[in-house]
Amino acid sequence: MAEDTRQDKRASFSAITEHNTNGMARTSAVASGKTGASKKLVIKNFKDRPKLAENYTEDTWLKLRDAVGAIQNSTSIKYNLEELYQAVENLCSYKVSPTLYKQLRQVCEDHVQAQILQFREESLDNLSFLKRMNRCWQDHCRQTIMIRSIFLFLDRTYVLQNSLLPSIWDTGLELFRTHIVSNSAVQKRTVDGILEQIELERNGETIDRSLLRSLLGMLSDLQVYKDSFEERFLIETNRLYAAEGQRLMQERDVPEYLHHVARRLEEENDRIVSYLDQSTQKPLISCVEKQLLGEHMTAILQKGLGTLLDENRVTELALLYQLFNKVKGGLPTLLQFWRDYIKSFGGEIVCTPEKDKDMVQELLDFKDKMDNVAQSCFTRNEGFINAMKEAFETFINKRPNKPAELIAKYVDSKLRAGNKEATEEELERILDKIMIIFRFIHGKDVFEAFYKKDLAKRLLVGKSASVDAEKSMLSKLKHECGAAFTSKLEGMFKDMELSKDIMIQFKQYMQNQSEPSNIELTVNILTMGYWPSYTPMEVHLPPEMVKLQEVFKLFYLGKHSGRKLQWQPTLGHAVLKAEFKEGKKELQVSLFQTLVLLMFTEGEEFSIEEIRTATGIEEGELKRTLQSLACGKARVLNKNPRGKDVEDGDRFNFNNDFKHKLFRIKINQIQMKETVEEQVSTTERVFQDRQYQIDAAVVRIMKMRKTLSHNLLVSELYNQLKFPVKPGDLKKRIESLIDRDYMERDKETPNQYHYVA
């Protein structure tokens, strides 16, 4: 007890030591309130080591051996386990450990050797054999654990201190491996049985997975898994999938085959999780991928990639990419085939003249489709996206000039008034897509020439769907090709805006005239350098029109001296007031249609020859004009004889019985399909411009470098020119410049040029 005082609450202890007969000192602590009364605790060794009874070692071993035997035979142990553990501890304390370890090993070895007999029974089928092996292994593990629990002291002292000796558990494994699993007949039957079960499962049958897990775990614990099982298993797997790959490539189509491969890989991964050792995963999956994919990559792509892309089989394409990504060299092979497919399919669109009508729409649809595949199936792989761009650039330039021309016409169809199929947002999206295709074209100057021609028509005839859309397209072109590319196109817009201002001034001017005209004139002033060149056509205008033209000329030149006006009747249009039996109507017509209709105020009927003489309109243009007035939907003239086409000798009279629900009727001019000559002349103008550009580039380079070899000059030209050009064409331009004394050949080295200042 500790004595508690108010002044000092600390307690001190003293140890009272009593000596036992066995030499151990027993201590008891009592509390003492007095300081300085404590004693040291002293522990002393036995004076004499206790001696074992004469037969103690032998008797104890017999007791232990009986216990081990009972465990091995699964019978009850006569002795208390604690007593047995104590006995082992006592023997170890008296240096009997080496003998005890050897005796225990011998007993275990004898028992394991006896177990081999049950596996020599020939009548056992493979599955029964596996079950017996598993039972034997499970019993052996359970017995070893129990034996170790009795001999734990031996295991943790003697065995632990001798690094060369295996522990009791390891000894159990070693004995089982040496005497049972290493027996060639037993090992062969075990592995054969396991492989047979795996093959059955691969063929779709249900097997006992826990049995395989246990047996393969046994081989792994015994460290024979790799040599005895894995090597044979991989050989069998290789053989099975090699045969399966060959067979199914013949029998199945590619989508079905790809799903089969994916299922097989899933099954094998499941096998690894369920019963195979983790170390088998890499070689097993590699083997399946090699035999089902690696060996057939080219065949799969040749047989099925085109079909998958044609039919837009997105799921299978994504699966194809995932599978090929697993195989060495898979993606580069897929990329090559994908590039070739795009070149082939796109080349067919571009190089088939019959498809010209729908070429651009087909190109846009094809690009959308390939973009979708690259994004959703090929995980936006940069290599595939770049390959697609390269392939598009290659096939679109296989046929020079035509794609550029057709893209310009496609843009015209979308920007022209009456294009009801798209809202402003949709139109903007379409233009963005067109710009992507436009980027691939090398001869952008061809596009510019045709685009300019069509833009001029839209602006002059007032057929543009939206000024915002026109300006948006212009800014896209400027961003893509630079300000020099769009300067003329921007000039056209400026001309139209300036013309509006001039017309306001002209109207004020006309109001101040003493003789105001009953015709309202609107003029568009076009700067010749900005607009396409139009062939001048002389026609016979009525005196009122001629007079009005002269008034405008006087007004304009009074403001801008030194300029020259050239009238373009082909681009003119007018609104005529007409009177029919049904009542008054207004006709919105071209200038040529106006000239023809005005003749019928002077007479009832005219022949085609009379009309041609009176109007001065060129024959082909006149026939189209008469066709629009007498054979179209709004027939304000009657043709005799009747027919769809206008022939020489036809006569025309005014159709007084003409009826129409609208008051103002637009009579469209029969559009002459762009003739081959017109196309050729536009293309020739482009080539002419190209020659000037080549000449200018050569002179610019030579002026800066003074002296240059032919190869370096050509290389420099390719860097500077923005359109495709053949080496032969460059050579001709260089020769032309030499003839015109802009440069000269070196007298000693003909391949060297000098600039002539």
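## A friendly walk through the predicted model

Me: Is H111 buried or exposed?
Reply: Buried means under 20% relative accessible area. The relative accessible area of H111 is 15%, so H111 is buried.

Me: Which helices do the buried residues of α3 pack against?
Reply: Let's start with the residues themselves: S97, L100, Y101, L104, V107, C108, E109, H111 and V112 are buried in α3. These buried residues pack against α1 (56-72), α2 (81-93), α4 (126-150), α5 (152-156), α6 (158-161) and α7 (168-181).

Me: How far apart are the end C-alpha atoms of helix α3?
Reply: Helix α3 covers residues 97-115, which is 19 residues. At 1.5 Å a residue, α3 should span 27 Å. The model agrees, because the end C-alpha atoms of α3 are 27 Å apart.

Me: Let's move on to E289. Is E289 buried or exposed?
Reply: E289 has its place in helix α12 (residues 281-292). Its relative accessible area is 10%, and the cut-off for buried is under 20%. So E289 is buried.

Me: What separates the C-alpha atoms of E289 and K328?
Reply: Along the chain, E289 and K328 are 39 residues apart. Leaving aside neighbours within four places in sequence, E289 is in contact with L265, G294, K326 and V327. As for E289 and K328, their C-alpha atoms are separated by 9.5 Å.

Me: Are α16 and α19 roughly parallel or roughly perpendicular to each other?
Reply: The axes of helix α16 (residues 359-376) and helix α19 (residues 424-439) come within 10 Å and cross at roughly 90 degrees. Angles from 65 to 115 degrees count as roughly perpendicular. The two helices, α16 and α19, are therefore roughly perpendicular.

Me: Which residues make that contact, and how many are nonpolar, polar and charged?
Reply: From α16 come L363, L364, K367 and D368, while α19 brings K433, I434, I436 and I437. Sorted by kind, the residues of the contact of α16 with α19 are five nonpolar, no polar and three charged.

Me: On to the strands. Which residue in β7 is the bridge partner of N638?
Reply: Strand β6 (residues 637-640) is joined to β7 by four bridges, and the two run antiparallel. Strand β5 (residues 605-607) also runs antiparallel to β7 (residues 651-654), with three bridges. E605 stands opposite N653 in β7. The bridge partner of N638 in β7 is N653.

Me: Which strands stand at the edges of the open sheet of three strands with antiparallel pairing?
Reply: The order in this open sheet is β9-β11-β10. Two of its strands have a single partner strand each, so one side of each is left without a neighbour in the sheet. The edge strands are β9 (707-709) and β10 (743-745).

Me: What angle does the direction of helix α28 make with that of β9?
Reply: In the sheet, the twist averages 25 degrees from one strand to the next. Helix α28 (residues 710-720) packs on the sheet and touches β9, β10 and β11. The direction of α28 makes with that of β9 an angle of about 90 degrees.

Me: Which residue in β11 does L708 stand opposite?
Reply: β9 and strand β11 (residues 752-755) pair in the antiparallel sense over three bridges. In β11, the residue opposite L708 is Y753.

Conventions
Residues numbered from 1 in each chain as written. Predicted model: local features only at pLDDT ≥ 70, side-chain atom pairs only at ≥ 80, totals over all residues. Heavy atoms only, no water. Axes fitted to C-alpha atoms, helices over the stretch in contact; angles between N-to-C directions. Parallel < 35°, antiparallel > 145°, perpendicular 65-115°, else oblique. Contact = heavy atoms within 4.5 Å. Nonpolar A, V, L, I, M, F, W, Y, C, P; charged D, E, K, R; others polar. Pairing = 2+ DSSP bridges. Expected span 1.5 Å × (residues − 1). Buried < 20%, exposed > 50% of the residue type's maximum accessible area, 1.4 Å probe, protein only.
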